[in-house]
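Have the structure open beside you as you read.

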Amino acid sequence: YRFVLREGTVIFNAYLVTILATVVGTLISLLVISLFAYPLSRKSLKYRNVISMFVFITMLFSGGLVPWYIVCSKFLHITNTYLALILPYVMNVWYIIIMRTFFSTTIPDSIIESAKIDGASEMRVFMKIVMPLSKPGLATVGLFITITYWNDWWLPLILTTDQKYANLQYTLFKMLTNGELLLKMSAFTNSQTASLIDQVPSESSRMAMCILAIGPIILAYPFFQKYFVKGIIVGSLKG
């Protein structure tokens with residue numbers, strides 16, 4: 001732990017970046033996914049089967065890395081910004097399908113119809129009725145999204161070059177690769193330098209990195225557990 005935490009400022013900054021991207025990204029992603037999935041769950045939506053098929057096709061065929069990078073860098077201009085750590089993961093087709101199924105199997109049509117008879121708009125129905133009743137589904141998908149943002153090291157590697165945008169996973173990934181590089185270089189150095197490199201706690205530092213990376217998620221999981229389990233049970237019974 002002393003070896004890993006010797007760069008205390010770097011680790012602290014990486015934690016702040018990771019927490020910022022995880023919290024903001026999860027909230028935005030849940031809102032966007034819910035706003036997309038709820039209309040698809042309504043039978044009254046025109047062309048909803050066509051839209052659902054169009055969305056599903058994106059799960060089967062990917063645009064590839066190069067077009068994705070061109071869109072992010074040349075059109076969206078999010079390289080070396082905090083948006084680079086948030087925006088690419090906001091939409092996820094699998095989570096849209098999960099939320100659409102949850103809305104269609106859990107929210108009764110009678111509640112929505114009665115709210116519309118009382119004069120409620122679609123947005124009011126969604127915010128005041130659908131969202132409060134969808135806590136198990138939102139918690140389940142939100143936990144998946146949180147883990148995705150927390151464990152991400154790919155976006156900082158591809159879309160950032162400034163150290164201040166390096167999140168925790170990417171920082172630990174660089175420390176790990178640098179340690180492995182030192183071990184490989186020890187075979188081409190003199191005996192004194194090789195002995196110093198051998199003193200680097202490679203295996204124990206990996207275990208310390210795992211604890212630093214997974215610790216906050218383990219602490220947060222009990223707060224989501226009851227909603228997570230309930231969401232899975234509802235989906236298995238009514239899906």
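## Before we start

Keep in mind that this is a predicted model. So what you see on screen is a prediction, and the values below are computed from it.

## How H4 sits against H2

Two packed helices are described by the angle between their axes and the distance between the axes. Let's start with helix H2, which covers residues 48-60, and helix H4, which covers residues 93-106. Their axes are 9 Å apart, and the packing angle is about 140 degrees. Since an angle over 145 degrees would be needed to count as roughly antiparallel, H2 and H4 are therefore oblique to each other.

Which residues in H2 and H4 meet? On the H2 side you'll find Ser52, Val55, Phe56, Thr58 and Met59, and on the H4 side Val93, Trp94, Ile97 and Arg100. Sorted by class, this contact of H2 with H4 has 6 nonpolar, 2 polar and 1 charged residues.

## How H4 sits against H7

H4 also packs with helix H7, residues 135-150. Here the angle is about 170 degrees and the axes lie 10 Å apart, which makes H4 roughly antiparallel to H7.

From H4, the residues in this contact are Tyr95, Ile98, Met99 and Phe102. They meet Pro136, Gly137, Leu138, Val141, Phe144, Ile145 and Thr148 in H7. The class count for H4 with H7 is 9 nonpolar, 2 polar and no charged residues.

## The largest pocket

Rolling a probe the size of a water molecule over the atoms shows where empty space is left. The largest pocket found this way has a volume of about 570 Å³. It is lined by 20 residues, and the closest to its centre are Thr58, Ser62, Trp68, Met91 and Val93.

Which helices each supply at least two residues of that lining? They are H2, helix H3 (65-75), H4 and helix H8 (154-159). H2 gives the largest share, with 4 residues. As for class, the pocket lining divides into 15 nonpolar, 5 polar and no charged residues.

## The cavities

There are also 3 cavities of 30 Å³ or more. The second largest cavity holds about 50 Å³ of space. Its lining is made up of Thr18, Ala21, Thr22, Leu85, Tyr149, Asp152 and Asn167.

Helix H1 provides the largest share of this lining, 3 residues. By class, the second largest cavity is lined by 3 nonpolar, 3 polar and 1 charged residues.

## Aromatic rings

How many aromatic pairs does a search of the whole structure find? The count is 8. One of the aromatic pairs is Tyr38 with Phe126, and it is tilted: the rings are 5.4 Å centre to centre, with 45 degrees between the planes.

This pair links distant parts of the chain. Tyr38 belongs to helix H1 (residues 8-41) and Phe126 to helix H6 (residues 122-133), and the two are 88 residues apart.

Notes. Residues are numbered from 1 along each chain as its sequence is written. This is a predicted model: local features need pLDDT of at least 70, side-chain atom pairs count only at pLDDT 80 or more; totals for chains, interfaces and linings use all residues. Side-chain values use heavy atoms; hydrogens and water are left out. Axes are lines fitted to C-alpha atoms, for helices over the stretch in contact, and angles run from 0 to 180 degrees between N-to-C directions. Angles under 35 degrees count as roughly parallel, over 145 as roughly antiparallel, 65 to 115 as roughly perpendicular and the rest as oblique. Contact means heavy atoms within 4.5 Å. Ala, Val, Leu, Ile, Met, Phe, Trp, Tyr, Cys and Pro count as nonpolar, Asp, Glu, Lys and Arg as charged, and the others, Gly among them, as polar. On a 1 Å grid over the protein atoms alone, a cavity is a set of points where a 1.4 Å probe fits but cannot get out, and a pocket is an open set with protein on both sides within 12 Å along at least five of seven lines; lining residues have an atom within 4 Å of a point. Grid points are joined across faces, edges and corners, and a volume is the space filled by probe spheres set on the points. Rings of Phe, Tyr and Trp (its six-membered ring) pair if their centres lie within 6.5 Å; planes under 30 degrees apart count as stacked, over 60 as edge-to-face and the rest as tilted.
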